[in-house]
Amino acid sequence: VLANGSGQGVTFAQTGFATSGTISISQGSTIDVTGLLGSGSEQAPGKVVIRGGQFVMDASSIRANAYSDAFGPPPGTIEVTVDHALLEHSVIRASAGTAHHGGNIMFNVDTLSATNSFILANGVSRGDGSGGTVEIQAGTRIDLVATEVNAGTLTAQGGTITMASPLISMNGSAVNVSGGGLDGGPGGTINLAATQSVNLIN
């Protein structure tokens, strides 16, 4: 998803246009590139790429899930490259519903603010699927309020969550890379890298 308009991007090299505008998804809207159900020959999930100056999600969702069996394609990838990302009551998800690892979700932003939202790259509910990968790189700050970032799984090894920014603030939020309690899978990895401060509240 590309947007033209006013404002110069600061965290990515623009291609095809000189300025970046606002991308807004609201009122229950959904971008869905989830793969089709089937057995062994399913259509693979697609890839969602968001580029712009500001990205706003309100009560909406982006999905790149996979619900295939062990022989089908894994979840897709969601990439958000903008100056400022604002999520409210929204879901960004690249998860597996059956025997697959979680997908990949990447933010390359100056600021990320998420309130009452979910960023999910879960593994499977059954089978041998590890958690996915969530990477958030912010030039100025990351603010999470009542928000869950999850790359865990129920049956295998937990995934990886990386958040890197000068300021990281989490208020009533959760970061989860738990492993498979059902089958004894190990937990994953959480990387928090802040050059100024990390604030964890409630």
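Guide: Let's start with a term. A residue is buried under 20% relative accessible area, exposed over 50%, and partly exposed in between, using a 1.4 Å probe and protein chains only.

Visitor: Okay. What kind of model is this?

Guide: It is a predicted model: local features need pLDDT of at least 70, side-chain atom pairs count only at pLDDT 80 or more, and totals for chains, interfaces and linings use all residues. Residues are numbered from 1 along each chain as its sequence is written, and side-chain values use heavy atoms, leaving out hydrogens and water.

Visitor: How many helices and strands are there?

Guide: Zero helices and 15 strands. Both are DSSP runs numbered from the N terminus: helices are H or I with at least four residues, strands are E with at least two.

Visitor: And how much of the chain is buried?

Guide: 47% of its 202 residues.

Visitor: Which residues have the most contacts inside the largest nonpolar core?

Guide: F55, I105 and F107, in a core of 34 residues. A nonpolar core is a set of buried Ala, Val, Leu, Ile, Met, Phe, Trp, Tyr and Cys residues joined through side-chain atoms within 4.5 Å.

Visitor: What does I105 touch?

Guide: Skip neighbours within four places in sequence. Its contacts then include I78, I92, L120 and V134. Contact means heavy atoms within 4.5 Å.

Visitor: Back to β1. Which residues are on its covered face?

Guide: I23 and I25. The uncovered face has T22, S24 and S26. In a regular strand, side chains alternate between the two faces of the sheet.

Visitor: How many bridges join β1 to β3?

Guide: Five, and the two strands run parallel. S24 stands opposite V56 in β3. Two strands pair if DSSP finds at least two bridges between them.

Visitor: New topic. What is the strand order in the open sheet?

Guide: β2-β4-β6-β8-β10-β13, six strands with parallel pairing. β2 (30-32) and β13 (174-176) are the edge strands, each pairing on one side only. The twist averages 5° from one strand to the next. For such angles, axes are lines fitted to C-alpha atoms, and values run from 0 to 180 degrees between N-to-C directions.

Visitor: How many bridges hold β10 to β13?

Guide: Three; β10 covers residues 148-150. In β13, V175 is the bridge partner of V149.

Visitor: Switching to charges. How many salt bridges?

Guide: Three. The rule asks for a side-chain nitrogen of Lys or Arg within 4 Å of a carboxyl oxygen of Asp or Glu.

Visitor: Which residue does D32 pair with?

Guide: R63, with the closest N and O atoms 3.8 Å apart. The pair links distant parts of the chain, 31 residues apart: D32 is in β2, R63 in β4 (residues 61-63). D32 is partly exposed at 42%, and R63 is partly exposed at 34%.

Visitor: What about K47?

Guide: K47 pairs with E79, and their closest N and O atoms are 3.3 Å apart. K47 sits in β3 and E79 in β5, 32 residues apart. K47 is exposed at 52%, while E79 is partly exposed at 21%.

Visitor: And R141, what does it meet?

Guide: D143, at 2.6 Å from N to O. D143 counts as buried because its relative accessible area is 18%. R141 is partly exposed at 30%.

Visitor: V48 next. Buried or exposed?

Guide: Buried, with a relative accessible area of 4%. V48 is in β3. V48 and T77 are 29 residues apart in sequence, yet 6.4 Å apart in space, C-alpha to C-alpha. Not counting residues up to four places away, V48 touches I31, V33, I62, T77, I78 and E79.

Visitor: Last one. What is the phi of Q27?

Guide: About 55°, a positive value although Q27 is not a glycine. Most residues other than glycine have a negative phi. Q27 lies in the loop between β1 and β2 and is exposed at 77%. N116 also has a positive phi, about 50°, and is not a glycine. N116 is in the loop between β7 and β8 (118-120), and is partly exposed at 33%.
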